Amino acid sequence: DKMDTKNLYYFQIVFEEGNIRTAAQKLYISPQGLGKVIKGLEIELDCQLFTRTKSGMIPTESGIYLYEKSRKVLQDIQEMKRQIYKMNRGSDELQIGFANGTLKVIAFEKLFEFINSRSKFTIGWSESENDKVISQLEKGTLDYGFVTSTIKSPYLEQIVVASIPIVLLVYEGHPFWNLEYASIEMIEKEDMVMMNEQFHIYYDFVQMCHIKGYVPQIRAKTMDGDTLYRLCKQKIGVAVCPAFPQTNYQGLKAIPFKEPYYWRIYGTWLKKHHDSKVVEIFKQFFAK
């Protein structure tokens, strides 16, 4: 039997999720069907790829090896398809990905200036969750991404393109209203409102609280910045968010933290794109 690249992709998702059911939901197939795919791979390779436990799928040594090798194989196949597509189109193509929230910092005007000044290039862009942008970069379906987390990957390179201070938002009448500075320790007992798990700032904040020795009291989460401000105004809790430029908080006060606390945006690209003319031109343009 010939190994199906789609089955390799399914295997990778099971490996990353560590659970057949959650992987199947992500792939929009049944857990039974996905289980058959994994079993078929094990029969074809004559080895066990996972140890099945009540808590999930634990990869074996063979499973870990296949994961590392198959990632490279699928990336190369995706890149090959894109290069052939570009050759047939007869033009240079650039696909850019923005993690949620980054477009509040990376100016539309600058992006459109680049698009309008490079008419010979085919340029597309999209906005999605931070992890999805990273996944698309690794697979080669994006050429350049603006993400909000550092990445330990042998395939990707990054530079910091923006660094925005994190502030504490409080509503008028709150005991912190007249403070000049805030600290992570002082909000231990406070009710909090936060951007949700689609935003990396959520995980960064929770981790910082854990380092300080407590679990934050998060009462509400949202995926929209304006909703975050409204929740704070309604006194559901104080909020932690980036101090986006030109933001009118209207009745809220943004208090800076004493600690060096920043929300950083990283320009990210595949290492093998170092010889891509359009990626290099884009990198230099945004480095100005």
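Guide: First, a term. An axis here is a line fitted to C-alpha atoms, for helices over the stretch in contact, and angles run from 0 to 180 degrees between N-to-C directions. Keep in mind that this is a predicted model.

Start with helix H1, residues 5-17, and helix H2, residues 20-27. Their axes lie 8 Å apart, and the helices pack at an angle of about 130°. H1 is therefore oblique to H2. The crossing of the two is right-handed. Which residues make the contact? H1 supplies Tyr-9, Tyr-10, Ile-13, Val-14 and Glu-17. H2 supplies Ile-20, Thr-22, Ala-23, Lys-26 and Leu-27. By type, the residues of this contact are seven nonpolar, one polar and two charged.

Now turn to helix H3, residues 31-45. The axes of H1 and H3 come within 10 Å and cross at roughly 110°. Angles of 65 to 115 degrees count as roughly perpendicular, so H1 and H3 are roughly perpendicular to each other. On the H1 side, the contact uses Asn-7, Tyr-10, Phe-11 and Val-14. On the H3 side, it uses Leu-34, Val-37, Ile-38 and Leu-41. Here the count is seven nonpolar, one polar and no charged.

Compare the two lists for H1. Tyr-10 and Val-14 take part in the contact with H2. Tyr-10 and Val-14 also take part in the contact with H3.

Definitions and conventions
Residues are numbered from 1 along each chain as its sequence is written. This is a predicted model: local features need pLDDT of at least 70, side-chain atom pairs count only at pLDDT 80 or more; totals for chains, interfaces and linings use all residues. Side-chain values use heavy atoms; hydrogens and water are left out. Helices (H or I, at least four residues) and strands (E, at least two) are DSSP runs, numbered from the N terminus. Angles under 35 degrees count as roughly parallel, over 145 as roughly antiparallel, 65 to 115 as roughly perpendicular and the rest as oblique. Contact means heavy atoms within 4.5 Å. Ala, Val, Leu, Ile, Met, Phe, Trp, Tyr, Cys and Pro count as nonpolar, Asp, Glu, Lys and Arg as charged, and the others, Gly among them, as polar. A crossing is left-handed if the near helix is turned anticlockwise from the far one by less than a right angle, and right-handed if clockwise.
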